[in-house]
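Could you walk me through this structure, stop by stop? I have it open in my viewer and would like to know what to select next.

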Amino acid sequence: MYVCLCKGITDTQIRDAVTDGACSMRDLRERLDVANQCGKCGRECKSIIGEYRQAA
Ligand code: FES
């Protein structure tokens with residue numbers, strides 16, 4: 001499922017990046033360029049990061 005429509009980034013790509021060590025929005029922005037345009041995907045990105053934090 002696409003999370004960031006502006007950049008065409010899927011939840012799978014975000015989950016892979018988080019699994020690979022991205023633990024903040026800044027990390028995700030640097031790696032995938034998400035939330036750098038309209039910003040609408042920011043909330044979803046944060047919630048994915050949050051899921052992994054809770055699971056850790
Ligand atoms: Fe991600 Fe617009 S949907 S920046």
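Here is a short tour, from the whole chain down to single side chains.

Before you click, note that this is a predicted model, in which local features need pLDDT of at least 70, side-chain atom pairs count only at pLDDT 80 or more, and totals for chains, interfaces and linings use all residues. Residues are numbered from 1 along each chain as its sequence is written, and side-chain values use heavy atoms, leaving out hydrogens and water.

**Stop 1: the whole chain.** Show the protein chain as a cartoon and you will find three helices and two strands, in the order β-β-α-α-α from the N terminus. Helices (H or I, at least four residues) and strands (E, at least two) are DSSP runs, numbered from the N terminus. The C-alpha atoms fill a box of roughly 30 × 20 × 15 Å along the principal axes. Of the 56 residues, 34% are buried; buried means under 20% relative accessible area, exposed over 50%, and partly exposed in between (1.4 Å probe, protein chains only).

**Stop 2: threonine 10.** Select threonine 10 in strand S2 (residues 9–10). Is it buried or exposed? Threonine 10 has a relative accessible area of 18%, so it is buried. Leaving aside residues up to four places away in sequence, threonine 10 touches Met1, Tyr2 and Val3, where a contact means heavy atoms within 4.5 Å.

**Stop 3: the salt bridges.** The structure holds four salt bridges, each a side-chain nitrogen of Lys or Arg within 4 Å of a carboxyl oxygen of Asp or Glu.

- Select lysine 7 and aspartate 33, whose side chains meet at 3.1 Å, N to O. Lysine 7 lies in the loop between strand S1 (2–4) and S2, and aspartate 33 in the loop between helix H2 (25–32) and helix H3 (42–55), so this pair ties together parts that are 26 residues apart in sequence.
- Next, select arginine 15 and glutamate 51, which meet at 2.8 Å, N to O. Arginine 15 is in helix H1 (residues 11–19) and glutamate 51 in helix H3, so this bridge ties together parts that are 36 residues apart in sequence.
- Then pick aspartate 20 and arginine 31, with their closest N and O atoms 3.1 Å apart. Aspartate 20 sits in the loop between H1 and H2, and arginine 31 in helix H2, 11 residues apart. Aspartate 20 is exposed at 56% relative accessibility, while arginine 31 is partly exposed at 42%.

**Last stop: a network.** Finally, select Asp11, Arg15 and Glu51 together: salt bridges that share partners join them into one network.
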